[in-house]
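Hello,

Here is the structure I promised to pass on. My notes follow below it.

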Amino acid sequence: MPDGGLDTAIRADEAGSEEDLYEDLHSAGYHYSHAGGGGEQLAINELISDGSVVCAEALWDHVTMDDQELGFKAGDVIEVMDATNREWWWGRVADVEGWFPASFVRLRVNQDEPVEDTEAPRASTGAVEGGGMEVQSSRDQMRTNVINEILSTERDYIKHLRDICEGYIRQCRKRADMFSEEQLHTIFGNIEDIYRCQKVFVKALEQRFNSERPHLSELGACFLEHQADFQIYSEYCNNHPNACVELSRLTKLSKYVYFFEACRLLQKMIDISLDGFLLTPVQKICKYPLQLAELLKYTPPQHRDFKDVEAALHAMKNVARLINERKRRLENIDKIAQWQSSIEDWEGEDLLVRSSELIYSGELTRVTQPQAKSQQRMFFLFDHQLIYCKKDLLRRDMLYYKGRLDMDGSEVVDLEDGKDRDLHMNIKNAFRLHCSTSGDSHLLCARKPEQKQRWLKAFAREREQVRLDQETGFSITELQRKQAMLNASKQQAAGKPKTPQDAAGHLFTHDVGVLWEQQSRVSEKGPPCFVISPLAAEVAAESLGLFGFCCIVFLKMEKNCNTESLILVSVRSHKDIILWPRIQN
């Protein structure tokens, strides 16, 4: 792309230069043309005129207020009914018809159903052998179509990434008066790293492509070799909401609108806003499992690529799952910061310096040496560390920081019920945390055997979480940590959260697999009331320290509704009975 025109224009000092540039480029005829040439368009119309159903897949969201246009979302399948116009086609989604831009869609790989589903049942007995060859030939062609589609979309994606890097980022860096490096990182994330990785990946795919017999191409191994590289999408996907916010702020100013549009026109990109282009990597990483599933569908078990494609499909699903998990973890760091800000007398470094996940929590008895003194404490197990707090004597929902244990250097030892040799006292439902670095030992006791088992399982999950984070390279950046703590400080200054329970919110996830949610409701006559899932009722009550406040939790089917409800009865007043709908996963 020639830089001269834009470079000269963006250096202009006079007001309105971005707008003038946009007008000059627009009038000069910088437009994106649909990739499909006249031959492809003619073939589409011939298929339609022959009565064939031609389907296309939406590459972009098409949002419109015009009742003559067809709106759809990326991934939707559209039946193309008229393609005589090169730029705008007529199509149908469900029962709705309308015009849509041809450049927003890609024709479906395999328009016809597999031959074995349609022609094979009609074959006569005498033609079984010939029919079998036809079926195999059709399957080979189907696989060829999918492979061609994978390679084609990768080449298009590389061009798309190049257009963003060269058409937008390069030009933005020339305007230091409009964009700081921090802003550019917020808007574009690590898309340049993705571009470099994708160029290597597409070259590897092309090397695996069998040009003479495409259906014999072996692409599965290529995905397996590069699966670790796709994890860089995690950072991009996590940053994408921030990019949308920053772009929304900038595009309220006309000079940025004209500047971005000038970049698009000079790069000859289709008529979509920058935030639409930046959504493509998010969509791309989610599309790989779909493409591999389609490839596996047309790969016979005896094919040399079958096992690799099967493994690649599983691997790419795991990559997508990992990205979603990382996104959830990063969304939780604000809640962790809020929880810390609600704890009184906090000492030492912030939780987020080392931790990003609350694994488990509950009340335990801490037995200290040498007097064998027992202390009731609330314990919160995060990755890398165990925090313990003391409840306020009057306000049992208020917690005071008392200390922390380093889980990285600790060993959990399960103890049998009976007399402890060191403390010379009987213990029950106990386990010991032994710190190898300091030599300290901490004896902790649960109320019930099942509670002890939950803790032992939680400690195992904490070690597994740390191991997975090390393998995948998951960590919280200094900027993310500082932003979370700043947000928590602002909320605290505004008067929220009022208690640790309010701050914890959705943090608590237990081994029963049920996410429960606590909503603070302060009754005029009694203590706070909580909404939890029945399956996690006992664990939830323990985690929130409700002992002495609430007793039996049970289900009741209301006569006037079909909803199972949860009742929490206050010990203070049997009249104080609160009924809330059950909350489940």
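A word on terms first: a residue is called buried under 20% relative accessible area, exposed over 50%, and partly exposed in between, using a 1.4 Å probe and protein chains only. By that scale K268 is partly exposed, with a relative accessible area of 47%.

Now the source. This is a predicted model, in which local features need pLDDT of at least 70 and side-chain atom pairs count only at pLDDT 80 or more, while totals for chains, interfaces and linings use all residues. Residues are numbered from 1 along each chain as its sequence is written, and side-chain values use heavy atoms, with hydrogens and water left out.

**Overall**

The protein has 585 residues, and 46% of them are buried. Its secondary structure comes to 17 helices and 19 strands. Both are DSSP runs numbered from the N terminus: helices are H or I with at least four residues, strands are E with at least two. A contact means heavy atoms within 4.5 Å. Of the contacts with a separation of 6 or more, 61% are between residues 24 or more positions apart.

**Two helix pairs**

Start with α13 (residues 306-342) and α15 (residues 478-493). Their axes come within 8 Å and cross at roughly 50°. That makes α13 oblique to α15. Axes here are lines fitted to C-alpha atoms, for helices over the stretch in contact, and angles run from 0 to 180 degrees between N-to-C directions. Under 35 degrees counts as roughly parallel, over 145 as roughly antiparallel, 65 to 115 as roughly perpendicular, and the rest as oblique. The crossing of α13 and α15 is right-handed. Right-handed means that the near helix is turned clockwise from the far one by less than a right angle; anticlockwise is left-handed.

On the α13 side, the contact residues include L330, I333 and S341; on the α15 side, they include A484, M485 and Q492. The contact of α13 with α15 divides into 6 nonpolar, 7 polar and 1 charged residues. Nonpolar covers Ala, Val, Leu, Ile, Met, Phe, Trp, Tyr, Cys and Pro; charged covers Asp, Glu, Lys and Arg; the others, Gly among them, are polar.

S341 deserves a look. It is buried, at 16% relative accessible area. A polar atom of its side chain lies 2.7 Å from the backbone oxygen of Q338.

The second pair is α9 (residues 233-250) and α12 (residues 280-297). Their axes come within 9 Å and cross at roughly 130°. So α9 is oblique to α12. This crossing is left-handed. Y233, Y236, C237 and H240 of α9 meet P281, V282, K284 and I285 of α12. The tally is 6 nonpolar, 1 polar and 1 charged.

K284 also touches T153, as do R106 and Q291. T153 sits in α5 (residues 128-173). T153 is buried, at 6% relative accessibility.

**Loops**

T84 is in the loop between β2 (77-82) and β3 (88-93). T84 is exposed, at 57%. Its side chain makes a polar contact of 2.9 Å with that of D82. A polar contact is a pair of N or O atoms within 3.5 Å; within protein, one must be able to donate a hydrogen and the other to accept it, and residues adjacent in sequence count only if both atoms are side-chain atoms. The C-alpha atoms of T84 and N45 are 6.7 Å apart, across 39 residues of chain.

A94 is exposed, at 67%. K268 also has a positive phi, about 60°, without being a glycine. K268 lies in the loop between α10 (254-266) and α11 (274-278).

Best wishes

Definitions and conventions:
Lists of a residue's contacts leave out its neighbours within four places in sequence.
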